[in-house]
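Subject: Handover of a structure, with notes

Dear colleague,

Please find the structure below, together with its sequence. I would be grateful if you kept it open while reading the notes that follow.

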Amino acid sequence: MTSQAENRYANPDVTPPLAEAIPLGLQHVLAMFASNITPSIIVAGAAGLAFGGAEQVYLIQMAMLFAGVATLFQTVGVGPVGSRLPIMQGTSFAFVSVLTAIAATEGLGVALTACLIGGIIHFGFGTIIGRIRFLFPPLVTGLVILAIGLYLIPVAVKYAAGGAATFQMEAESFGSLEHWSVALVVVIVAIVAKFYFRGIISAAAVLVGLVAGYVLALILGMVSFAPVAKAGIVAVPDVFPHGLEFSIGAVIAVTLICIVSAVETVGDTSATAKAGANRDATDKEIAGATYADGLGTAVASVFGGLPNTSFSQNVGIVGMTGIMSRHVVTIGAIILVVCGFLPKIGAVIASMPLPVLGGGVIVMFGMVAAAGLNMLSEVTMNRRNMVIIAVSLAFGLGLNLVPTAVQYLPGVLHTMAVSGLLPTAIIAIVLNQVLPEDI
């Protein structure tokens, strides 16, 4: 591709020929597909929904549908909403720790009502996001992302061994060689696809690994297609499928994560502009991206979907291809919307045995933790910053590992305290503001 063509494709409003645009849009979908559906599977398990059941299939459908809708908010935009940049939205891992705790103790109705209110508040962050960015330097954001990964890694291991999101171990088969063989095939194939192939296969390495593991599980007789047979051909989403149940503690917890998500979106917006057009994102683009983030979360929750955020892996595709066209990502969004109306696609995903998913999330959650470490590598490791890291992680992960240590806290405060992420984030923000720089 010539330099002139690259400059032309650095304009978000220019569309490559459809012969290029459609495969590029599909590549964006494949790169985020596994990460997009995984939070719904985990939260469904925590809420006690039957694995492979209709309610879990519905959550997976909503993950696809509203990832597409939220992406359209970003790429097409409505008024001030949307960055009009090639930013792919998807279901956010950042909310998993909080939502699993809320769903397990208070139910999905409470969790999704909190997401609706949190999404509306998140939308409002678009007007002030520039003024609160100082609260989230690399030290804080890196710690938060690292905490997300470290919190989720045990979930990945439980899945790989054949357990469930509620951590109820299967009496006999948990940890069996059969389970671990399937999980390790997923990990190995994903690594090989990532580093020994290029293009779509490399970008969708985890998805390729999941397909390989699924085929092996099918050969071993671990797959049941009963949910696929029961699923309809086409289905439309329900309004408030789990009802509306208000809990102030749940709203506070979700809103705090919304702030983190908003800052993550600011970073992805800036990175997209730099990767695709070698320029800084404008204030209008950053505000629009934040509006779209919040609106996507609020709308998804109305129909039983989980919160959305920008997906960082898709920024890498923009940098790799040099194609900044927002219309390419719009094509990807349309693909996701179509998938969201087809329950059999969700049912096929729901039929995936836990060890298959476990192998995939070992890679994904490990990469989340590694991304946090990468951000922390930009931080000077002086005594002050090391104390902030030490105290934040010790409280955040320590209380999560030993929840009975705060068993006398009221229900909602207990849920927040043992979430793993919230204590880490709050302590890191406070210490970073109050500790002097010169120690």
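Which residue takes a positive phi just after helix 4? The residue is Gly107, and its phi is about 100 degrees.

Before I go on, please note that this is a predicted model, in which local features need pLDDT of at least 70 and side-chain atom pairs count only at pLDDT 80 or more, while totals for chains, interfaces and linings use all residues. Residues are numbered from 1 along each chain as its sequence is written, and side-chain values use heavy atoms, with hydrogens and water left out.

Overall form

The protein chain contains 20 helices and two strands. Helices (H or I, at least four residues) and strands (E, at least two) are DSSP runs, numbered from the N terminus. Along the principal axes, the C-alpha atoms of the protein chain fill a box of roughly 60 × 55 × 45 Å. For 439 residues, a compact globule would have a radius of gyration near 22 Å, and the 21 Å of the protein chain agrees with this. That radius is taken over C-alpha atoms, and the globule rule is 2.2 Å times the number of residues to the power 0.38.

Of the 439 residues in the protein chain, 55% are buried. Buried means under 20% relative accessible area, exposed means over 50%, and partly exposed lies in between (1.4 Å probe, protein chains only). The protein chain exposes about 17600 Å², and carbon and sulfur atoms supply 69% of it. Accessible areas come from the Shrake-Rupley method with a 1.4 Å probe; for residues, only the protein chains shown count as cover. Among contacts (heavy atoms within 4.5 Å) between residues at least 6 apart in sequence, 82% join residues at least 24 apart.

Helix 4 (residues 96-106) is largely enclosed by the rest of the structure, because eight of its 11 residues are buried. Among them are Val96, Leu99 and Ile102. The buried residues of helix 4 pack against helix 2, helix 5 (108-124), helix 7 (138-161), helix 12 (248-277), helix 19 (411-417) and helix 20.

Ser35 is found in helix 2 and is buried, with a relative accessible area of 10%. Leaving aside neighbours within four places in sequence, Ser35 is in contact with Thr91, Phe93, Phe311, Gln313 and Met364. Thr269 lies in helix 12 and is buried, at 0% relative accessible area. If residues up to four places away in sequence are not counted, Thr269 touches Leu85, Ile87, Ala281, Glu285, Ile286 and Ala289.

Salt bridges

How many salt bridges does a search of the whole structure find? The search finds two; a salt bridge is a side-chain nitrogen of Lys or Arg within 4 Å of a carboxyl oxygen of Asp or Glu.

One of them joins the side chains of Arg326 and Asp13, at 2.7 Å from N to O. Arg326 lies in helix 15 (residues 326-340) and Asp13 in the loop between helix 1 (3-9) and helix 2 (18-46), so this pair ties together parts that are 313 residues apart in sequence. Arg326 counts as buried, at 14% relative accessibility, whereas Asp13 counts as partly exposed, at 49%.

Another joins the side chains of Arg384 and Glu437, at 3.8 Å from N to O. Arg384 belongs to helix 18 (residues 383-401) and Glu437 to the segment after helix 20 (421-434), so the pair ties together parts that are 53 residues apart in sequence. Arg384 is buried, with a relative accessible area of 1%, while Glu437 is exposed, with 60%.

Cysteines

The structure holds zero disulfides, a disulfide being a pair of cysteine sulfur atoms within 2.5 Å. Cys115 is in no disulfide, and the nearest cysteine sulfur, that of Cys258, is 7.3 Å away. That distance is too far for a bond. Cys115 is buried, at 1% relative accessible area, and Cys258 is buried, at 0%.

A nonpolar surface patch

Leu184, Ile188, Ile191, Val192, Phe195, Tyr196, Phe197 and Ile201 form a nonpolar patch on the surface, with about 850 Å² of accessible area together. Patches are made of residues with over 30% relative accessible area and no salt bridge; like charges are joined within 9 Å, and nonpolar side chains (Val, Leu, Ile, Met, Phe, Trp, Tyr) within 5 Å. Helix 8 (residues 177-196) gives the most to this patch, with six residues. Tyr196 lies in helix 8 and is exposed, with a relative accessible area of 68%.

Yours sincerely
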